[in-house]
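User: I've got this model open and would like to talk through a few spots in it. Can we go one question at a time?

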Amino acid sequence: MPEADAAPKERKDFAVKTPQKEIPAFYLRGTEGQDWGLKSRMARIFNPESGRTVMLAFDHGYLYGPTTGLERMDLAIIPLLPYVDVLMCTRGALRQCIPPECGKPVCLRSSGGATILKEMSHEMLSVAVDDAVRLDAAAVTCQVYVGGEKEHETLRNLSQLINEGLRYGIPTLGVTAVGRELARDSRYLGLATRVIAEYGAHFVKTYYCAENFDEVAAGCPIPIVIAGGKKLPELDALKMCHNAVQQGALGVDMGRNIFQADDPVAMVQAVRAVVHGGETPEKALDLYNTLKSEGRKTRKAR
Ligand code: R5P
């Protein structure tokens, strides 16, 4: 039995004249009304100081098999870990290739059911929420094909994932997957991101569009992160990141433009400088080139 508190009553200080300190409003749009656990997970995803995030997407294998740059996830991803805020991947990649002691929050790919060899939008939920809990997921995610042939099914997947995640305080990232037949313009992306937000997702991943991306971001009441898409020259990729965050995105969830770069470790640091440091694309490219040549020297010296 614990000992009774033996300190004399006069030594206790309840600061009775000081009003209870209220917790300040949560720093992320659209999250204020959520429970503590969900906010805590969102705070692991979006850096509380910058309010932004650099997520590393390497879930491509669930659709494309061994994607260029990810042939060996154990070799490709581990060197990037110190520079990313969140890992977006499948449960297979996580269990086989990522050391749990890395301490990085995980946004768990929870949809599947199709590959590049068939109709890619033909998805179902492939991970039960209790496995997401076992994997200590900070968030779960699925694709949504707004306007596509599987619009109804993928919106149903999104609803189910949100409902199940909410039972455990796990936020859902809705991904706007754009079928080949649809234009990635602000009209479409504005519609798709808004639909996902209204279903109750907690953040959304979409593509950047050169025209009126600020309107896409303004019309979406939850945080937006951008996908990188196909590999671009490094400066173009950094410009895209810069423009997106200047126009209202709260970060990136980027894959190929990092792991397919000539020097992925240098590239992720350049992306970080833009997203968290507000660096210009040109300065970030200088950083990339410096880190790349330093990396070469170190590798040669070994
Ligand atoms: C689809 O395969 C995934 O959601 C990817 O994670 C996503 O497209 C982001 O990767 P990237 O920056 O390579 O487009």
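**A few spots, one by one**

Gly 61 lies in helix H2, which covers residues 61-64. Keep in mind that this is a predicted model.

User: Is Gly 61 buried, exposed or partly exposed?

Analyst: Count the C-beta neighbours inside 10 Å: Gly 61 has 18. Buried takes 20 or more, and exposed means 12 or fewer. Because 18 falls in between, Gly 61 counts as partly exposed.

User: How far apart are the C-alpha atoms of Gly 61 and Thr 290?

Analyst: Along the chain, Gly 61 and Thr 290 are 229 residues apart.

User: What span should helix H9 have, at 1.5 Å a residue?

Analyst: H9 runs over residues 234-246, so it has 13 residues. The expected span is 1.5 Å times one less than that number.

User: Are H9 and helix H11 roughly parallel or roughly antiparallel?

Analyst: H9 and H11 (residues 264-275) have axes 9 Å apart, and they pack at an angle of about 25°. Angles under 35 degrees count as roughly parallel. H9 passes H11 in a right-handed crossing. The angle therefore makes the pair roughly parallel.

User: Which elements give two or more residues to the shell around the ligand?

Analyst: There are 14 residues around the ligand, and among those that come nearest are Gly 255 and Arg 256. The shell divides into six nonpolar, five polar and three charged residues. The elements giving two or more are strand E10 (251-254) and helix H10 (256-259).

Note on methods
Residues numbered from 1 in each chain as written. Predicted model: local features only at pLDDT ≥ 70, side-chain atom pairs only at ≥ 80, totals over all residues. Near = placed C-beta within 6 Å. Helix = DSSP H or I, 4+ residues; strand = E, 2+ residues; numbered from the N terminus. Nonpolar A, V, L, I, M, F, W, Y, C, P; charged D, E, K, R; others polar. Axes fitted to C-alpha atoms, helices over the stretch in contact; angles between N-to-C directions. Parallel < 35°, antiparallel > 145°, perpendicular 65-115°, else oblique. Left-handed = near helix turned anticlockwise from the far one by under 90°.
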